[in-house]
Amino acid sequence: MSACWNNENSQIFALAARGGAKRTRSAFCPHMMWLTLLYSFSGGAAVLFALYRWVIPTVVQYHAGLALLWHDVIVERMLDTVTQSTRPQRLLGAVQKSATRGDPRSVVETIDHFCRNKEWAMNVGDEKGCILDSVVSEVNPATVLELGTYCGYSTVRIARLLPPHAKLITLEFNPDFAAIARQVIAWAGLEDKVQLVEGASGDLIPRIKEQFGVTTFDLVFLDHWKDSYLPDTKLMEECGLLRKGSVLLADNVVCPGAPDYLEFVRNSPRYESQYFKSHLEYTRVEDGLEKSIFLG
């Protein structure tokens, strides 16, 4: 009897154990599934973040076309959609959050930090900015024309080095960019030195003498549409805005490039040109500045 009882109990316990195991598996399967999905999602998100933050930027920083496509098209559009703001607005936010008001150097350094560590933007940048600084200091201009303000980075770099009573006129076609640039320039405390004008350079250049009382410019910084460099230079010649010794400094002559402008200033007897090799802002892509002295 004892053997029979033990056998029956063993069967009962075995059945109970199998039932408990089934209930345990039944209870834990959904939980394990969600954990697996969560781990998979987290791993995938980490991979995507690494690609976005480090891998792709490292790969494209040596290739001009890929760098511009990645930074100036893909990333900008993605962040515009996600943040419901624009790149210039985000740049301004960084300035207002981190830069010391009334300190142009702090504004420049804040923008450089933002563009190197947060979000790329097509300013002249810190590396080429040093070349720009040296040319401004060398020329020591009383009158400066900047073609292409964008967010005001180069405007601030130039204006902070100008002598007292110097005049800087900067032209910007895009009204949204101009609105941001005005705030950046004001944050740097340089609004008294800078006159920002909205409109197309081809329309504004012929009116500069009459509208702003400028006879000629000591320094012209070209940093707008690259296909406008040459026609605007010829237009400045026709309008008598260049004197003997006026200096033209053109950015991005290699990337994205201004080949017709380079051919003109390098082969015209009216100019003496010098190329300053550097890199596209915040990358390792070759770019440079062309300094051209107008000989009259």
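A: One term to start: contact means heavy atoms within 4.5 Å. Helices (H or I, at least four residues) and strands (E, at least two) are DSSP runs, numbered from the N terminus.

Q: What kind of model is it?
A: This is a predicted model, where local features need pLDDT of at least 70, side-chain atom pairs count only at pLDDT 80 or more, and totals for chains, interfaces and linings use all residues. Residues are numbered from 1 along each chain as its sequence is written, and side-chain values use heavy atoms, with hydrogens and water left out.

Q: Which helices do the buried residues of α4 pack against?
A: They pack against α3, α5, α6 and α7 (175–187).

Q: And which residues of α4 are buried?
A: Among them are Val107, Val108, Ile111 and Phe114. Buried means under 20% relative accessible area, exposed over 50%, partly exposed in between (1.4 Å probe, protein chains only).

Q: How many residues does α4 have, and how far does it reach?
A: α4 has 14 residues and spans 20 Å from first C-alpha to last. That is close to the 20 Å expected at 1.5 Å a residue. The expected span is 1.5 Å times one less than the number of residues.

Q: What happens at the start of α4?
A: A side-chain oxygen of Asp103 comes within 3.1 Å of the backbone nitrogen of Arg105.

Q: Switching to charges. How many salt bridges are there?
A: The whole structure has 19. A salt bridge is a side-chain nitrogen of Lys or Arg within 4 Å of a carboxyl oxygen of Asp or Glu.

Q: What does Arg116 pair with?
A: Arg116 forms a salt bridge with Asp126, at 2.9 Å from N to O. The pair links distant parts of the chain: Arg116 is in helix α4 (residues 104–117) and Asp126 in helix α5 (residues 125–139), 10 residues apart.

Q: Why is Arg116 called partly exposed?
A: Because its relative accessible area is 45%. Asp126 is partly exposed as well, at 21%.

Q: Which residue bridges to Asp133?
A: Arg160 does, with the closest N and O atoms 3.2 Å apart. Asp133 sits in helix α5, and Arg160 in the loop between α6 (153–159) and β2 (167–172), 27 residues apart.

Q: Is Asp133 buried or exposed?
A: Buried, with a relative accessible area of 12%. Arg160 is partly exposed, at 30%.

Q: What about Arg87?
A: Arg87 bridges to Glu76, the closest N and O atoms being 3.6 Å apart. Arg87 is in helix α3 (residues 87–98) and Glu76 in helix α2, 11 residues apart. Both are buried.

Q: New topic: what does Thr215 touch?
A: Setting aside neighbours within four places in sequence, Thr215 is in contact with Lys209, Gly240 and Leu241. Thr215 lies in the loop between α9 (208–212) and β4 (217–222).

Q: Is Thr215 buried or exposed?
A: Exposed, with a relative accessible area of 56%. Its C-alpha is 8.7 Å from that of Leu242, 27 residues apart along the chain.

How values were computed: A polar contact is a pair of N or O atoms within 3.5 Å; within protein, one must be able to donate a hydrogen and the other to accept it, and residues adjacent in sequence count only if both atoms are side-chain atoms.
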